[in-house]
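Please read the points below with the model open beside them.

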Amino acid sequence: MENVNKFELKKSNDLQNAFEEFGYRFNEFGQLRHITTGAAYEFNVKEEDHAFNQRRYEALGNLVTDYVYDLLEKECGLKKRTVPLDAHGSEPTTFIFHSDDAFTNDKIVILIHGSSVVRAGQWARRLIINDSLNSGTQIPFIKRAKGLGYGVIVFNTNDNKITVKGGFRSIRGSECAENHANYVWKNIIIPKVTAKYIAIIAHSYGGCVTINLCRSFPESFQKRVFAIAFTDSCHNFVSQDLTASNIEWFHKVARNWVVSYSPLDSPLSPAANQEIECVSAGTQRHDLTSWMSFTSIFEFIDAKYKRTLTENEI
């Protein structure tokens with residue numbers, strides 16, 4: 001365990017074996033546990049060497065990213081689609097995930113994670129490592145959405161560059177989170193997705209990305225999106241320059257589950273810069289807001305969908 005680099009550089013077709021070489025495995029409950037002791041992940045393996053502990057944690061985190069990608073394909077039945085769509089040669093690329101019916105289903109759910117190290121399929125890496133795959137990943141949301149008959153598209157807004165000799169190369173169209181989402185909306189959602197009804201679940205900075213989508217594509221966005229479930233979103237209507245009509249529309253379709261001491265779904269006063277309905281996520285932890293709101297989110301989406309269908313029939 002002394003040489004962290006061997007884990008950072010490891011390439012394995014069997015990710016479970018890769019975890020086991022690290023000393024851990026996910027048990028039947030989706031919890032990461034030590035192979036020998038059964039204990040949860042321990043960060044401080046070297047009390048006097050924080051840098052080593054951090055490198056070890058980041059190496060494990062990179063392995064988690066690949067593991068979740070693998071689960072999205074094998075357990076959730078999703079497929080990768082490379083972006084940019086017209087990438088050529090050795091140009092750096094990223095990808096999104098989608099269900100088989102994402103381009104033909106009349107209704108879809110789009111999942112947008114927050115900022116930092118998380119990638120497609122994750123809400124919070126810390127939860128995946130220290131709690132479980134259920135609380136930390138989008139997998140339960142994907143399975144529930146598919147079970148309710150929705151197609152699914154998973155954005156990958158933080159995969160913005162690749163490491164090259166002497167620095168980094170940005171991924172065209174995904175230079176930042178907003179660019180990635182805008183590229184996917186413009187080049188995939190608008191021309192290739194036939195769904196009339198789109199719901200969005202967005203955590204933390206994913207809320208800012210969602211607001212930017214509306215500002216960038218107001219007509220197609222507001223025409224097709226019928227529900228937006230934010231989880232402790234950090235968006236700001238004022239700084240993101242939304243028009244009064246944009247804000248009024250968000251009032252109709254969006255709800256934000258935020259950190260609070262109050263029980264789940266308790267009505268709360270929205271922040272002045274957010275101006276949408278806010279309810280308690282039933283937790284004081286930012287990273288847990290998505291998981292704690294899971295059932296309520298799908299009840300909200302289902303109610304919005306039924307209401308939208310009724311309104312369209314009138």
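The notes below start with conventions and then go through the model region by region.

1. Conventions. This is a predicted model, in which local features need pLDDT of at least 70 and side-chain atom pairs count only at pLDDT 80 or more, while totals for chains, interfaces and linings use all residues. Residues are numbered from 1 along each chain as its sequence is written, and side-chain values use heavy atoms, with hydrogens and water left out. Helices (H or I, at least four residues) and strands (E, at least two) are DSSP runs, numbered from the N terminus.

2. Helix H6 against helix H12. The axes of H6 (residues 139-147) and H12 (residues 294-313) come within 11 Å and cross at roughly 30 degrees. Axes here are lines fitted to C-alpha atoms, for helices over the stretch in contact, and angles run from 0 to 180 degrees between N-to-C directions. The crossing of H6 and H12 is right-handed, that is, the near helix is turned clockwise from the far one by less than a right angle. H6 contributes Pro140, Phe141, Arg144 and Ala145 to the contact, and H12 contributes Phe294, Ile297 and Phe298; contact means heavy atoms within 4.5 Å. By class, the residues of this contact are six nonpolar, no polar and one charged. In this scheme Ala, Val, Leu, Ile, Met, Phe, Trp, Tyr, Cys and Pro count as nonpolar, Asp, Glu, Lys and Arg as charged, and the others, Gly among them, as polar.

3. Burial in H6 and the residue after it. Ile139, Pro140, Phe141, Ile142 and Ala145 are the buried residues of H6. Buried means under 20% relative accessible area, exposed over 50%, and partly exposed in between (1.4 Å probe, protein chains only). Just after H6, Gly149 has a positive phi of about 90 degrees.

4. Thr295 in H12. Thr295 is found in helix H12 and is partly exposed, with a relative accessible area of 42%. The C-alpha atoms of Thr295 and Arg144 are separated by 9.5 Å, although the two residues are 151 apart along the chain.

5. The two sides of helix H10. Which residues of H10 (residues 244-253) are buried? They are Asn246, Ile247, Trp249, Phe250 and Val253. These residues lie on the same side of H10 because they cover an arc of only 160 degrees around the axis, the arc being that of the directions from the helix axis to the C-beta atoms. An α-helix has 3.6 residues a turn, so residues three or four places apart point the same way. Ala244 and Lys252, on the other side of H10, are exposed. The cover over the buried residues of H10 includes H8, helix H9 (218-224), strand S10 (225-231), strand S11 (254-258) and H12.

6. Asn212 in helix H8. Asn212 belongs to H8 (residues 205-216) and counts as buried at 7% relative accessibility. The Asn212 side chain makes a polar contact with the side chain of Asn182 (3.4 Å). A polar contact is a pair of N or O atoms within 3.5 Å; within protein, one must be able to donate a hydrogen and the other to accept it, and residues adjacent in sequence count only if both atoms are side-chain atoms. Not counting residues up to four places away in sequence, Asn212 touches Glu178, Asn182 and Gln240.

7. Ser204 and its surroundings. Ser204 sits in the loop between strand S9 (197-203) and H8, and is buried, with a relative accessible area of 12%. Its side chain is joined to that of His286 by a polar contact of 3.0 Å. Beyond residues up to four places away in sequence, Ser204 touches Gly114, Thr231, Asp232, Ser233, Cys234 and His286.

8. Backbone points to check. Asp232, in the loop between S10 and H10, has a positive phi of about 50 degrees although it is not a glycine; Asp232 is buried, at 14% relative accessible area. Asp265, in the loop between S11 and strand S12 (267-268), likewise is not a glycine and has a positive phi of about 75 degrees. Asp265 is partly exposed, at 31% relative accessibility. A cis peptide bond joins Val83 and Pro84, with omega about 5 degrees; Pro84 lies in the loop between strand S3 (79-83) and strand S4 (94-98).
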